[in-house]
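Subject: Structure handover

Hello,

Here is the structure you are taking over. Please keep it open beside this message while you read the notes below.

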Amino acid sequence: MKLEEMKIAWEEMSADIGRQKKITDSLIIKMTQINYRNKTLKIAVPETIGSFGCMAMALYIAIHFQELHTWYLQGCGLITLITLVLLPIISFRSIYVITAVQVEGNKYKESLLQYANGKKKFVALQKMNFYLGAILLVVILPVTGQLIGGKDVFKQHWIWLWFSTSFIFFYILAGRIFRKYVNIITEAQTILRELEE
Amino acid sequence: MQNKNEFIRVVQENEGLIYKVAKLYTDSREDEQDLYQEIIYQLWKSFDGFRNESKISTWMYRIALNTSIVHLNRERRKGKYVPIDEMPAPPSDNGNTLKAERIEALYAHIKNLNTVEKGIVLLYLEGKSYEEIAGITGFSVSNVGTRLGRIKQKLSSQIKK
């Protein structure tokens, strides 16, 4: 189909659509109201729940920090605390960058630029969160082992089994997740290239 | 909103515009209905800010196209919308199979274009001048011309394949 033929077909279709007005007043109002409730009440629910979990855990560790007697447990405690604070911040930041396209006021080109750059930032932040998650998996066990179980897990033989299993788990997971990120980056770069053409 | 009736009138008058944009940027009926409703929601949100500095259709195209870009991310967190069975049927479903097939073929051709081209070709098919397309998209008038030339070539090569 040539562009000129497409235009004729498009005009015919537009005329058909014009003759078939179907949307009612009440349906328009319902759409705006349902969406409004959705936007105001359901923004970032998983991230909010996760953040409360992280903050509660961070608070618990901070309160009981003096129970970590050795330098290595204190080190693990400190890293756990920092990670638990950073994880929600990065999660919310990544939501922000992915939804930062301004619907009102922007022109199409500007929105596409924001969208593509947002995607690239999103991937960078998600990668950062992934690495932090890996670090947390390693450091949280000795901390909780001491604070909840009263044991220095570094003196347990199975700790190395835990660490090596975690490493394998994260290695496999990283392969899968990063492949998805490559696709997102490729899409973003394609749009940026299209804009420059 | 003070201008509720005015907003309803504007949406009803330009219902086709919203429908056509929603169909172009989605691949399933469900997704199309979600985007359709999202565009109406974004129009409603921005309606008070519309200052009559541009034509109402120009403002609507901008909001609709920008919402479609945001919607490209939507697979991650789907919202809650009016159920699909309460929605009006798409205007192309009027029992004329041949016409419906032609429209599907038309959309299939446009969907093969990249995201930038999709927006430009939509506005061209809607009868917008190069100046108007440039005003809505933010590309220069000459760039719009160059891109439409490339789109014509792409469509010709699609036919040859």
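This is a predicted model: local features need pLDDT of at least 70, side-chain atom pairs count only at pLDDT 80 or more; totals for chains, interfaces and linings use all residues.

Residues are numbered from 1 along each chain as its sequence is written, and chains are lettered from A and ligands numbered from 1 in the order in which they are written.

Confidence. The model scores ipTM 0.81 and pTM 0.79. Helices here are DSSP runs of H or I with at least four residues, and strands are runs of E with at least two, numbered from the N terminus.

Domains of chain B. Chain B is split into domain 1 (1-90) and domain 2 (92-161); the bounds come from an automatic or database domain assignment. Contact means that the C-beta atoms of two residues, placed from the backbone, lie within 7 Å. By that test, 9 residues of domain 1 of chain B touch 11 residues of domain 2 of chain B. On the domain 1 side, α2 (15-24) and α4 (56-71) of chain B are the elements that give two or more residues, and α4(B) gives the most, with 4.

Interface. Between the chains, 41 residues of chain A are in contact with 50 residues of chain B. On the chain A side, the elements giving two or more residues are α1 (3-19), α2 (25-41), α5 (108-147) and α6 (159-196) of chain A. The most come from α1(A), with 10 residues.

Helix pair. α5(A) and α4(B) pack with their axes 9 Å apart, at an angle of about 15° (axes are lines fitted to C-alpha atoms over the stretch in contact, and angles run from 0 to 180 degrees between N-to-C directions). The two helices, α5(A) and α4(B), are therefore roughly parallel (angles under 35 degrees count as roughly parallel, over 145 as roughly antiparallel, 65 to 115 as roughly perpendicular and the rest as oblique). The contact is made by A:Y108, A:S111, A:L112 and A:Y115 of α5(A), with B:L65, B:N66 and B:I69 from α4(B).

Regards
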